[in-house]
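I opened my notebook to look up a few things in this fold.

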Amino acid sequence: MLLILDLSAAFDVIDHDILFDRLQYTFGISGTTLSWLRSYLTNRSQCVSIGSVHSDNMVLKYGVPQGSVLGPRLYSMFLYPVSEICKKHGMAYHCYADDTQIYQVIKPLDNWDDITERLEACLEDIKTWMCTHILRLNQDKTELIVFAPKHKVKSL
């Protein structure tokens, strides 16, 4: 069973203060390295250009740069609590940048009701965590896939 989570504008809403706290207190990054990362993300700006017309620069208070080497790594570190939520519910997970997959290998004698309840509780906890951290789960693009032999599909 595979649950594929889709997040809306994931890279754009990362709170820098939360990220820096996580880097320091969860991953032990401090000193010069933390200062370097802070300088990398602080006072970034962007503007919109259409032809020869340019908007004013706007300072970015949130987000990590997409297309950079560090962007996916920083995003994954920000999202680390999702892995703890999955572990709490006995679910396996794989996360790289904004692609998060939660999965469970189901054996023939496993209790489907228990697995379904754990998966629903896990997803609810993830949604709650995301709401408190300005992330939004795109429920229209989030998918659940059950892989099973053809003879088992109807009974599932």
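**Aromatic pairs**

I began with the rings in this predicted model, and my count came to four aromatic pairs. I picked one of them, Phe 27 with Tyr 80, and found an edge-to-face arrangement, 5.3 Å centre to centre with 75° between the planes. This pair links distant parts of the chain, as Phe 27 lies in the loop between α1 and α2 while Tyr 80 belongs to helix α4, 53 residues apart.

Next I looked up how open the two residues are. Phe 27 is partly exposed, at a relative accessible area of 34%. Tyr 80 is partly exposed too, with 29% relative accessibility.

**Helix α4**

After α4 comes Gly 90, and I wrote down its positive phi, near 70°.

**Helices α1 and α2**

Then I turned to the helices on either side of that Phe 27 loop. The axes of α1 (residues 16–25) and α2 (residues 31–41) come within 11 Å and cross at roughly 165°. Angles over 145 degrees count as roughly antiparallel, so α1 is roughly antiparallel to α2. I noted the crossing as right-handed.

Which residues meet here? From α1 I listed His 16, Leu 19, Phe 20, Leu 23 and Gln 24, and from α2 Leu 34, Leu 37, Arg 38 and Leu 41. I sorted the residues of this contact into six nonpolar, two polar and one charged.

Terms used. Residues are numbered from 1 along each chain as its sequence is written. This is a predicted model: local features need pLDDT of at least 70, side-chain atom pairs count only at pLDDT 80 or more; totals for chains, interfaces and linings use all residues. Side-chain values use heavy atoms; hydrogens and water are left out. Axes are lines fitted to C-alpha atoms, for helices over the stretch in contact, and angles run from 0 to 180 degrees between N-to-C directions. Helices (H or I, at least four residues) and strands (E, at least two) are DSSP runs, numbered from the N terminus. Angles under 35 degrees count as roughly parallel, over 145 as roughly antiparallel, 65 to 115 as roughly perpendicular and the rest as oblique. A crossing is left-handed if the near helix is turned anticlockwise from the far one by less than a right angle, and right-handed if clockwise. Contact means heavy atoms within 4.5 Å. Ala, Val, Leu, Ile, Met, Phe, Trp, Tyr, Cys and Pro count as nonpolar, Asp, Glu, Lys and Arg as charged, and the others, Gly among them, as polar. Rings of Phe, Tyr and Trp (its six-membered ring) pair if their centres lie within 6.5 Å; planes under 30 degrees apart count as stacked, over 60 as edge-to-face and the rest as tilted. Buried means under 20% relative accessible area, exposed over 50%, partly exposed in between (1.4 Å probe, protein chains only).
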